[in-house]
Protein chains: 2
Amino acid sequence: MSASASPPPRTGSRPGGRSSRIRAAVHRAVEELLTDQGDELLTIPVVAARAGVHATTVYRRWGSVGELLTDVATSRFSGDIVVPDTGSLRGDLERYASNLAKDLSDPDTLPLVRATIGTAGEQGASACTRERQEQLRAMLEREEARGHQAPTVERATDALLAPLYYRAVFTNQALTPEWARALVSHLLPD
Amino acid sequence: MSASASPPPRTGSRPGGRSSRIRAAVHRAVEELLTDQGDELLTIPVVAARAGVHATTVYRRWGSVGELLTDVATSRFSGDIVVPDTGSLRGDLERYASNLAKDLSDPDTLPLVRATIGTAGEQGASACTRERQEQLRAMLEREEARGHQAPTVERATDALLAPLYYRAVFTNQALTPEWARALVSHLLPD
């Protein structure tokens, strides 16, 4: 996401050109390495070799493994889950929580989340969850626009996003859709 | 924690001897490097240099950065927080949640949690939280032994541990004691 500081204005860059082919190859290499990976550390030379590009190209564009992982996580976790519109907050949150549980159970997701947190600190962690916060806010604000009371974003984060991510990242328990829906019933009792 | 498979019975090892001095130096090196660290990847040669020991010694004893971090996290997150005994479940959980919030806010804690998750996957994540689960279970079982109803460990994990770890690892929001206590009031209404 961050524009490279060094080169002059990129008037010559073509969409779909060399630059975006490299980006796609490097992103794919990161995802494949994270899925295959044993104990090997993810380094820029290893990623570059897998992507078939020069390591200097990767260094120049991303600077560090942390920035590269943040970029991969940002594109992986943007636009991948749609905000449901079922007509009720409960319905929206139940569907959203089940979809997120399913996404976090995808075998490709967790290694990327863990590696991004581990290597890119707060910036990386935020790349994994920023859009989730915004989606939650959109559902809560829509409920208020309907003239109903809704929990705060903070409360909904503690009650929904937190257990979904905690269970995925810290435990080996399954993220079942039933459990995800039960989280909503604790947030919205009645 | 894992015993080395190769050497014969360690009848010659003295407590407080060379072996435990090396372990202490290597653990300290990991903690210092994580606190100082910029973008540099934590590798066994870097840790060994900082600890003043041979890299082969570190490889022989821990095998990989993931196993080393798991060992450091296991000792760091064992016995560091005491289970309170205030006479009521609410009092116990409020004090426990505030203590955990404080511990997770320690500038040395978060880099270790993130690096361990990132490098050692599920085993590492479990090293960070295993004792928390057991402590929560102890408080809940004590309440049941008093003849009162208590939430399940699963429910208490979703409502307390999850938001504490999520906020620490994924956000830049402060883990205040007021917020930690409010989590308890959502778990135990009335």
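Contact means heavy atoms within 4.5 Å. Helices (H or I, at least four residues) and strands (E, at least two) are DSSP runs, numbered from the N terminus. The structure is a predicted model, in which local features need pLDDT of at least 70 and side-chain atom pairs count only at pLDDT 80 or more, while totals for chains, interfaces and linings use all residues. Residues are numbered from 1 along each chain as its sequence is written, chains are lettered from A in the order in which they are written, and side-chain values use heavy atoms, with hydrogens and water left out.

Chain A contains 8 helices and 0 strands. Its C-alpha atoms fill a box of roughly 60 × 40 × 25 Å along the principal axes. Of its 190 residues, 48% count as buried. Among contacts in chain A between residues at least 6 apart in sequence, 67% join residues at least 24 apart.

Helix 1 of chain A (residues 18-36) has 19 residues and spans 27 Å from its first C-alpha to its last, close to the expected 27 Å. The expected span is 1.5 Å times one less than the number of residues. Its buried residues are A:I22, A:A25, A:V26, A:H27, A:A29, A:V30, A:L33 and A:L34. They pack against helix 2 (44-51), helix 3 (55-62), helix 4 (65-76) and helix 6 (109-145) of chain A. An α-helix has 3.6 residues a turn, so residues three or four places apart point the same way.

In chain B, helix 5 (residues 89-105) has 17 residues and reaches 24 Å, close to the 24 Å expected. Its buried residues include B:L93, B:Y96, B:L100 and B:D103. The side chain of B:D103 makes a polar contact with the side chain of B:R76 (3.1 Å). A polar contact is a pair of N or O atoms within 3.5 Å; within protein, one must be able to donate a hydrogen and the other to accept it, and residues adjacent in sequence count only if both atoms are side-chain atoms. B:R76 lies in helix 4 of chain B and is buried, with a relative accessible area of 19%. Leaving aside neighbours within four places in sequence, B:R76 is in contact with B:E31, B:D103, B:D106, B:T109 and B:L112.

The contact between the chains takes 36 residues from chain B and 36 residues from chain A. The area buried between them is about 2,900 Å², of which carbon and sulfur atoms give 63%. Buried area is the accessible area (1.4 Å probe) that two parts lose on being put together, summed over both. B:R114, B:Y166 and B:F170 supply 24% of the area that chain B buries against chain A, more than any other three residues.

Across this interface the rule finds 2 salt bridges, a salt bridge being a side-chain nitrogen of Lys or Arg within 4 Å of a carboxyl oxygen of Asp or Glu. The side chains of B:E154 and A:R167 meet in a salt bridge (3.3 Å, N to O). Helix 6 of chain B gives the most to the side of chain B that touches chain A, with 13 residues.

Technical notes: Buried < 20%, exposed > 50% of the residue type's maximum accessible area, 1.4 Å probe, protein only.
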